[in-house]
Amino acid sequence: MAVSASFANSILSIKTHRPNALSTSLSLPKPTSVSTRNQKSTRFTTFCSLEAAKDPKLDVPIEQRYEAFPTVMDINQIRDILPHRFPFLLVDRVIEYNAGVSAVAIKNVTINDNFFPGHFPERPIMPGVLMVEAMAQVGGLVMLQPEVGGSRENFFFAGIDKVRFRRPVIAGDTLVMRMTLTKLQKRFGIAKMEGKAYVGGEVVCEGEFLMATGTG
C-alpha cells in the first residue's frame, strides 16, 4: 500500500522532535586508561595507638619519636647505696626521687638475665619473687638515705602483704617500679611501704612491704 508523502513527513517530524530520554540517562563518560607507571608509591605506616596516628610529627621515624627515661641516679650511684651485686642487683636506673618519700626506678628485663634459662626455657617469664625483690630494692633506695636514716649494714626486707601479680613480665619489657614510704617508726626500726610495678603503663605487680632498718 502506498503511503502519501505528507503522512511520511509527519511521522519523521514526530521522531525528530521526541526527547531521547533513554540516550540521555545512559550517557556515560568515556573510560580513561589509568597508568600506574608514573604514579608515586604510597608509604604505609603501622601505628601503635590512635594517639600516634594523630601525631602531627608523622614523618619522624619511630626510633626518634620517644624520649628516653630521665636519669636521677645511674647504676654507679645505685651501687653506692645498695649492697646488692650481680646477679642480684635488679635496679638499673632511678627516674624519680622524692627524698624520704618515694622513688621510681626501672629494671630492663632482657633475655640475658640469668634466671630465664630455668624460668622457663620455652617461655621466658620473670619470676614473681624477683619482681618483688626488685621493688624492695627500690624501697631500699628510699630507706638508705640521710632523710630516713637507714643503715646499709643493717637493712632487711622483713615482709610482704597483699601482693598481687596482674600479668607476666617477659624478656624485652621495661619494669617501672614505684615505692612510697607510708609509715616509719624509727624507734623500732620498722618502715612500711606501698609498691606498684608497671609495664607499658599497666600494673603488673603491687603489694605492701615491711622493711627493718637499723643505725649501723
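Start by selecting Glu208, which is buried, at a relative accessible area of 17%. Buried means under 20% relative accessible area, exposed means over 50%, and partly exposed is what falls in between, using a 1.4 Å probe and protein chains only. Before you click on, know that this is a predicted model: local features need pLDDT of at least 70, side-chain atom pairs count only at pLDDT 80 or more, and totals for chains, interfaces and linings use all residues. Residues are numbered from 1 along each chain as its sequence is written, and side-chain values use heavy atoms, with hydrogens and water left out.

(A salt bridge here is a side-chain nitrogen of Lys or Arg within 4 Å of a carboxyl oxygen of Asp or Glu.) Glu208 sits in strand β6 (residues 202-212) and Lys162 in strand β3 (residues 156-165), so the pair ties together parts that are 46 residues apart in sequence. Is Lys162 buried or exposed? Lys162 is exposed, with a relative accessible area of 53%.

Lys192 counts as partly exposed, at 35% relative accessibility. Show the three side chains together and you have a network of salt bridges linking Lys162, Lys192 and Glu208.

Now jump to Asp113 and Lys107. Their side chains meet in a salt bridge too, at 2.9 Å from N to O. Both Asp113 and Lys107 are buried. How many salt bridges turn up in a search of the whole structure? The search finds six.

Time to zoom out and switch to a cartoon view. The protein chain has five helices and six strands; helices (H or I, at least four residues) and strands (E, at least two) are DSSP runs, numbered from the N terminus. Follow the chain along its sequence and the pattern reads α-α-α-α-β-β-α-β-β-β-β.

Finally, colour by burial if your viewer can do that. Of the chain's 216 residues, 30% count as buried.
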